[in-house]
Amino acid sequence: MAERAGATLLAEHPHRRLNPLTGEWVLVSPHRALRPWQGQVEPVLRAERPAYDPGCYLCPGNPRAGGARNPQYAGTFVFDNDFAALRPDAPEAGVDVDGLLVARAEPGVCRVVCFSPRHDLTLAEMATPGIRRVVDVWAEQYASLGSRPEIGHVQIFENKGEMMGCSNPHPHGQIWAQRSIPLIPMRETATQAEHHRRHGRTLLGDYLALEEARGERTVCANDAFAALVPFWAVWPFETLVISRRPVADLAALDDAERDGLADVLRRLTARYDALFGISFPYSAGFHQAPTDGEPHPEWHLHMHFHPPLLRSATVRKFMVGYEMMAEPQRDLTPEAAAERLRAVPEDGRGGGA
């Protein structure tokens, strides 16, 4: 009873929420959602794209920016990034001056995954079998790159839309595989390991069971995966996709689970598009077990979606001021965001700017 009363009070007043995956806090200010907005307004981009663009360096048969020519691919297409952030031939070097000036070489591999030959189809617009082929490629790339002795972490992600800095509208994602485990996956490794040590179960397995018992923040689900707005969400319509079976990585998914992941991704991204009636921008990516050769029973496969839009297609969330100097802050409660995502259809239609 006391817990329910506390939740009711917090729903209308400032409070902080803990992210158990990272150990970070977020300030939630529900009352600020009503404030007037006279700040920056983003343009609404609804340009129709052709199925094939002769000027696109990702379309089949076209020359790429680096000079190579794409094959006439008919499904997914993977290639080494022509302008990679990581390179396998990075020379071994390091700097450590009194523990204050520290740097070390970081070798790695960067690849691009074109989701389909179609220039005009995002994940939200692809059929589920097409998304399933993308899931298979992600799993193959994780296993292949992760098996290399010099690779300790494989990061699979997508930046969708100009607002997220995507340099080419042809639907595609990226894979950055590197020797070190980056900061956020390293934090998640530590928190999940501590939970697994104390309870013998995965942190996200316990969290998903709690969320499904309460039903407040779930957006859509099937027998293999669930998509929800996490209790500690930072971005207004942030979601977390969690596998029901506590597998550590994409390669461990069986056929039915890969179908289930494709189904949830289509339904979730279509709801995003329907929310404001636009092709919804976001950064999304998988977090899965490091490939450092160590056992990781604590790891539970999941995918983060971080969309920037706040209250419409033209008003975005900025991480400035307090967020840069103190900690993240949000106005819309995660419960309200989940309710709005549940209320829109899964066919991508609806909403408005």
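Q: What makes helix 5 roughly perpendicular to helix 7?
A: The axes of helix 5 and helix 7 come within 8 Å and cross at roughly 95 degrees, where axes are lines fitted to C-alpha atoms, for helices over the stretch in contact, and angles run from 0 to 180 degrees between N-to-C directions. Angles under 35 degrees count as roughly parallel, over 145 as roughly antiparallel, 65 to 115 as roughly perpendicular and the rest as oblique, so helix 5 is called roughly perpendicular to helix 7. This is a predicted model, in which local features need pLDDT of at least 70 and side-chain atom pairs count only at pLDDT 80 or more, while totals for chains, interfaces and linings use all residues. Residues are numbered from 1 along each chain as its sequence is written, and side-chain values use heavy atoms, with hydrogens and water left out.

Q: Which residues of helix 5 and helix 7 meet, and how are they classed?
A: Arg 271, Tyr 272, Leu 275 and Phe 276 in helix 5 meet Arg 340, Leu 341, Arg 342 and Ala 343 in helix 7, contact being heavy atoms within 4.5 Å. By class, this contact of helix 5 with helix 7 has five nonpolar, no polar and three charged residues, given that Ala, Val, Leu, Ile, Met, Phe, Trp, Tyr, Cys and Pro count as nonpolar, Asp, Glu, Lys and Arg as charged, and the others, Gly among them, as polar.

Q: Why are the buried residues of helix 7 said to line one face of the helix?
A: In helix 7, which covers residues 334–343, the residues Pro 334, Glu 335, Ala 337, Ala 338 and Leu 341 are buried, where buried means under 20% relative accessible area, exposed over 50%, and partly exposed in between (1.4 Å probe, protein chains only). Seen down the axis of helix 7, these buried residues fall within an arc of 160 degrees, so they line one face; the arc is that of the directions from the helix axis to the C-beta atoms. The face turned away from that buried side carries the exposed residues Glu 339 and Ala 343.

Q: What do the buried residues of helix 7 pack against?
A: They pack against strand 1, strand 9, strand 11, helix 5 and strand 16. Helices (H or I, at least four residues) and strands (E, at least two) are DSSP runs, numbered from the N terminus.

Q: What makes strand 1 and strand 16 edge strands?
A: An open sheet of three strands has the order 1-2-16, with mixed pairing, and strand 1 and strand 16 each pair on one side only. Two strands pair if DSSP finds at least two bridges between them, and two bridges join strand 2 to strand 16, which run parallel. Leu 27 stands opposite Gln 329 in strand 16.

Q: How do strand 9 and strand 10 pair?
A: Strand 9 and strand 10 pair in the antiparallel sense over three bridges, and they form a hairpin with three residues between them. The bridge partner of Thr 218 is Leu 228 in strand 10.

Q: Why is helix 3 called roughly perpendicular to helix 4?
A: Helix 3 and helix 4 pack at an angle of about 80 degrees, with their axes 8 Å apart, and that angle makes helix 3 roughly perpendicular to helix 4.
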